[in-house]
Amino acid sequence: MRSNPSHYELTTPATLEAVLDILASDLGPYTPIAGGTELMVALGAGRLATRKLVSINHLQELRFIATTPETLTLGSGTTFTDLRKDPVIATDFSLLSQAASWTGSIANQNRGTLGGNIVNASPAADSLPALLAYEAELTLVSARATRTIPYAGFHLGYKKTILRPDELLHSITLKRDFREYAHYARKVGTRNAQAISKVAIAALARLKDGLIQDIRIGAASLRDRPIRLTATERVLQNQPITRETIAAARAALTSETQPIDDIRSTAKYRAAVAANLLEEFLHQLKP
Amino acid sequence: MTQITLTINGETKTIEAPPMKRLLDLIREDLHLTGTKEGCGEGECGSCSVLMNGELVNSCLVPALQANGARICTIEGISTKGRLHPIQQCFLERGGAQCGICTPGMILATHHLLEKYPQPTLLQIQEGLAGNLCRCTGYTRIFDAVQQAILKTQQPTNN
């Protein structure tokens with residue numbers, strides 16, 4: 001059953017400061033809405049629980065891409081189209097531009113935002129494994145304080161995050177340290193495009209003298225939240241890519257993931273495909 | 001209710017509507033422009049595609065208030081003075097329109113694609129239209145129509 005739009009309130013404060021004041025006020029709780037590609041679907045399906053929304057789509061303060069020689073900072077209102085068009089992201093953070101190209105259709109990429117993807121916290125979100133692999137930092141703002149935290153600690157459980165009701169995700173910062181790394185991103189869905197993932201992996205690795213010097217593996221749809229496969233990374237650290245290493249990494253991946261059966265796939269299939277994706281990446285790394 | 005002022009196909013209109021009303025419903029019910037279709041209502045099928053400030057969007061996912069001050073172009077704004085746009089003409093000639101439900105969205109997605117890439121490859125056409133589902137044509141005739149439209153839109157003085 002579709003919701004009656006008359007039951008919902010939506011305000012569009014002119015500035016970020018005014019948005020933060022509303023989020024901090026006693027009149028709430030308010031839910032920020034940017035491109036609407038998630039919340040409007042919920043509205044259409046009659047399952048948008050929040051009755052008060054505050055629009056942040058028009059805030060140019062949140063829609064920016066800033067680069068320094070060391071860092072890239074993305075405003076939370078950066079759309080997937082913005083991500084795909086940016087030359088620095090294409091060269092330094094190709095996992096992110098690839099993920100942006102998988103995220104829905106062109107029309108949805110024109111509206112959907114990176115901040116929305118993070119805050120919506122779907123375990124199947126396309127862009128989040130890349131942010132884990134790149135060790136992104138998030139800046140959260142509120143009327144009373146600003147805090148910067150590692151993205152790795154943002155998700156607490158299924159669609160649960162550390163974001164407080166008065167806080168807004170302001171920006172995402174990545175260090176430009178990965179030009180020497182091999183990049184690997186692959187999503188397996190029902191079709192090549194326009195399908196939510198069954199499993200996705202975004203990974204980075206650097207080899208030295210035939211040994212894996214550093215490896216970072218982000219994954220979607222393998223637990224209740226997007227995860228970094230740290231146990232698997234530890235197994236691979238300082239190892240040559242041999243049959244034994246690959247077998248150990250596959251076993252570690254299986255032990256640290258908890259895929260589920262749902263409408264899109266089965267736990268068994270997800271576990272097998274995830275291990276195969278990891279193995280594909282390791283084969284590609286061989287000198 | 002909130003006052004929403006927008007420019008629709010070149011005309012400025014002010015409407016009273018709930019701010020969370022879908023832009024799709026505002027266009028169909030308040031502006032009485034029924035060329036924009038509803039398919040899935042969840043951003044998967046592209047039938048409700050319109051151009052908002054020149055960008056392709058699914059109007060079922062846009063709260064009406066976010067369109068305040070925006071320029072909206074629907075299928076009704078694509079033809080000029082009763083003459084079909086070359087993209088529409090090509091869809092007719094190449095059998096790119098059958099039942100017609102996806103067609104307005106397909107035409108707007110094609111328009112947006114050709115603005116970005118005047119000479120798209122077949123892959124770019126496929127990606128540009130991937131968010132627009134058609135259950136009649138099998139897509140081949142739509143791609144043929146777009147490829148013909150590439151030639152036509154490049155020779156505007158010859159038609």
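Which residues of helix α11(A) are buried? The answer is Arg270(A), Val273(A), Ala274(A), Ala275(A), Leu277(A), Leu278(A), Phe281(A) and Leu282(A). A residue is called buried if 20 or more other C-beta atoms lie within 10 Å of its own, exposed if 12 or fewer do, and partly exposed in between, with C-beta atoms placed from the backbone.

Before going on, here is how to read the model. It is predicted, so local features need pLDDT of at least 70 and side-chain atom pairs count only at pLDDT 80 or more, while totals for chains, interfaces and linings use all residues. Residues are numbered from 1 along each chain as its sequence is written, and chains are lettered from A and ligands numbered from 1 in the order in which they are written. The pLDDT is the predictor's confidence in each residue, from 0 to 100. For chain B the mean pLDDT is 95, and 97% of its residues reach 70 or more. The complex as a whole receives an ipTM of 0.94 and a pTM of 0.95 from the predictor.

Helices (H or I, at least four residues) and strands (E, at least two) are DSSP runs, numbered from the N terminus.

In α10(A), the buried residues are Ala249(A), Arg250(A), Ala252(A) and Leu253(A). They sit on the same side of α10(A) because they cover an arc of only 165° around the axis, where the arc is that of the directions from the helix axis to the C-beta atoms. Turned away from that buried side is a face with the exposed residues Arg243(A), Glu244(A) and Ser255(A).

What do the buried residues of α10(A) pack against? Their partners are α9 (230-236) and α11 (267-285) of chain A. The buried residues of α11(A), in turn, pack against β11 (182-189), β12 (197-208), β13 (211-220), α9 and α10 of chain A.

**Domains**

Domain bounds come from an automatic or database domain assignment. Chain A is divided into domain 1 (5-55), domain 2 (60-175) and domain 3 (182-285). Between the C-alpha centres of its domain 1 and domain 3 there are 36 Å.

Chain B is divided into domain 1 (2-77) and domain 2 (86-154), and their C-alpha centres are 21 Å apart. Two residues are in contact if their C-beta atoms, placed from the backbone, lie within 7 Å. In chain B, 13 residues of domain 1 are in contact with 11 residues of domain 2. Strand β3 (residues 49-52) of chain B gives the largest share of the domain 1 side, three residues.

**Where the chains meet**

How many residues does each chain bring to the contact? Chain A brings 24 residues and chain B brings 23 residues. On the chain A side, the elements that give two or more residues are α2 (39-44), β3 (52-55) and α6 (106-111) of chain A. The largest share, five residues, comes from α6(A). By class, this side has 11 nonpolar, 12 polar and one charged residues. Here Ala, Val, Leu, Ile, Met, Phe, Trp, Tyr, Cys and Pro count as nonpolar, Asp, Glu, Lys and Arg as charged, and the others, Gly among them, as polar.

**Some backbone details**

Most residues other than glycine have a negative phi, and most peptide bonds are trans. Against that background, a few places are worth a look. Gly28(A) and Pro29(A) are joined by a cis peptide bond, with omega about 5°. Pro29(A) is in the loop between α1 (16-24) and β2 (31-33) of chain A.

In chain B, Asn9(B) is not a glycine, yet its phi is positive, about 50°. Asn9(B) belongs to the loop between β1 (2-8) and β2 (11-17) of chain B, and counts as partly exposed because it has 18 C-beta neighbours inside 10 Å. Lys81(B), also not a glycine, has a positive phi of about 45°. Lys81(B) lies in the loop between β5 (71-73) and α2 (86-93) of chain B. Is Lys81(B) buried or exposed? Lys81(B) is exposed, with 4 other C-beta atoms within 10 Å.
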